[in-house]
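Good morning, colleagues. Please look at the model on the screen while I go through its helix packing, its sheet and a few loop residues.

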Amino acid sequence: METGKNSQTNIVRAYLRYLKLQRGYSANTLDAYRRDLDKLLVYLEAENKHVLDVQLKDLQHFAAGLHDIGIHARSQCRILSGVRSFFRFLQLDGYRDDDPTELLESPVLGEHLPEVLTAEEVDALENSIDHSKWEGQRNHAIIEVLFSCGLRVSELVNLKLSDLFIKERYVRVLGKGSKERLVPISPQAIQQLDLWFMDRNLMKIKPGQEDYVFLNRRGAHLTRTMILIMIKQQAQEAGIQKTISPHTLRHSFATALLEGGADLRAIQAMLGHETIGTTEIYTHIDMTTLRQEILLHHPRNRRNPL
């Protein structure tokens, strides 16, 4: 059995500690990285190869194997991204002198534009809520905050009362990598929160849950799955045919800002994107909308009557 610092088991543990403590990744993100790394480790075990001895050709064979067993190209890219992160760590922490992933190529992906909702569709989503139910006003506030602030669903379920600065009209958000950002909150979102707080103040809240903004019937904070189910059910009630999720409202927030003339750097800051490249996908969405408008309304694109 391997022992010592350079045992594969200890190296993987050190890598996961690095992701948790230095990169500030959440438990869910750590699990995802571990699952993807496990795919590589299983392959290397079958090849009787240690991670410190891996060369580019080994990784190319591994990548080809992902394709051969039918893993989708987008999932292949995610797995290989995790592999690159692992070997960068090995070089950074002195386990290796080189990074064998430097010339490792990923599958070419076609451009995928995320689904977005118009402001009218968000209104339809909110108008379809049954406010006679206990959770009605809470769900209305959730949808409005997601759309008005562009939060990730993980950021929403962890939002605290102490993060709300209602008088100043902004919220403090703890995003990926434990990075804080300040996001303006709209008067409409504040109004819906105030109405929810009237219901919330009547609740019996579990100890330790008092600071969470959004709670379930039992007085505990919500989970991401609860929000996903609620959004999908509400879309069905509203007759929205698009395949949507809580993240759709984040996309819709960014697209609405861009269409309204907001600067891309400002949108990046509000979304908490680490790089501007991630934010630039919204320029593609905006151009798609613009193209549709031109085709529909420009006189040269209208058919002349016979």
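At what angle do helix 2 and helix 3 pack, and how far apart are their axes? Before I answer, a word on the basis of the values. This is a predicted model, in which local features need pLDDT of at least 70 and side-chain atom pairs count only at pLDDT 80 or more, while totals for chains, interfaces and linings use all residues. Residues are numbered from 1 along each chain as its sequence is written, and side-chain values use heavy atoms, with hydrogens and water left out.

Now the answer. Helix 2, residues 27-46, packs against helix 3, residues 56-68, at an angle of about 110 degrees, and their axes are 11 Å apart. That makes helix 2 roughly perpendicular to helix 3. Helices here are DSSP runs of H or I with at least four residues, strands are runs of E with at least two, and both are numbered from the N terminus. Axes are lines fitted to C-alpha atoms, for helices over the stretch in contact, and angles run from 0 to 180 degrees between N-to-C directions. Angles under 35 degrees count as roughly parallel, over 145 as roughly antiparallel, 65 to 115 as roughly perpendicular and the rest as oblique.

Helix 2 passes helix 3 in a right-handed crossing; a crossing is right-handed if the near helix is turned clockwise from the far one by less than a right angle, and left-handed if anticlockwise. On the side of helix 2, Lys39, Leu40 and Tyr43 take part, and they meet Asp58, Leu59, His61 and Phe62 in helix 3. Contact means heavy atoms within 4.5 Å. By class, this contact of helix 2 with helix 3 has four nonpolar, one polar and two charged residues. Ala, Val, Leu, Ile, Met, Phe, Trp, Tyr, Cys and Pro count as nonpolar, Asp, Glu, Lys and Arg as charged, and the others, Gly among them, as polar.

In the loop between helix 2 and helix 3 lies Asn48. Asn48 has a positive phi of about 55 degrees although it is not a glycine. Is Asn48 buried or exposed? With a relative accessibility of 72%, Asn48 counts as exposed; the cut-offs are under 20% relative accessible area for buried, over 50% for exposed and in between for partly exposed, with a 1.4 Å probe and protein chains only.

We move on to the next helix pair. The axes of helix 3 and helix 4, residues 73-92, come within 10 Å and cross at roughly 155 degrees. Helix 3 is therefore roughly antiparallel to helix 4, and their crossing is right-handed. Which residues make the contact? Helix 3 contributes Leu59, Phe62, Ala63, Leu66 and His67, and helix 4 contributes Gln76, Ile79, Leu80, Val83 and Phe87. The contact of helix 3 with helix 4 has eight nonpolar, two polar and no charged residues.

A further pair is formed by helix 5, residues 119-127, and helix 6, residues 136-149, whose axes come within 10 Å and cross at roughly 165 degrees. Helix 5 and helix 6 are therefore roughly antiparallel to each other. Ala119, Val122, Leu125 and Glu126 in helix 5 meet His140, Ile143, Glu144 and Phe147 in helix 6. The classes in this contact of helix 5 with helix 6 are five nonpolar, one polar and two charged residues.

Three strands form an open sheet in the order 1-2-3, with antiparallel pairing. Strand 1 and strand 3, residues 180-184, are the edge strands, each pairing on one side only. Two strands pair if DSSP finds at least two bridges between them. Strand 2, residues 170-174, is joined to strand 3 by five bridges, and Val173 stands opposite Arg181 in strand 3.

Arg169 belongs to the loop between strand 1 and strand 2. Its phi is near 65 degrees, a positive value in a residue other than glycine. Arg169 is partly exposed, at 48% relative accessible area.

Finally, consider the loop between helix 7 (153-157) and strand 1 (164-165), where Asp163 is found. Asp163 is buried, with a relative accessible area of 12%. Not counting residues up to four places away in sequence, Asp163 touches Asn158, Tyr170, Val171 and Arg172. Leu161 is found in the loop between helix 7 and strand 1, and at 30% relative accessibility counts as partly exposed. Leu161 and Phe214 are 53 residues apart in sequence and 9.2 Å apart in space, C-alpha to C-alpha.
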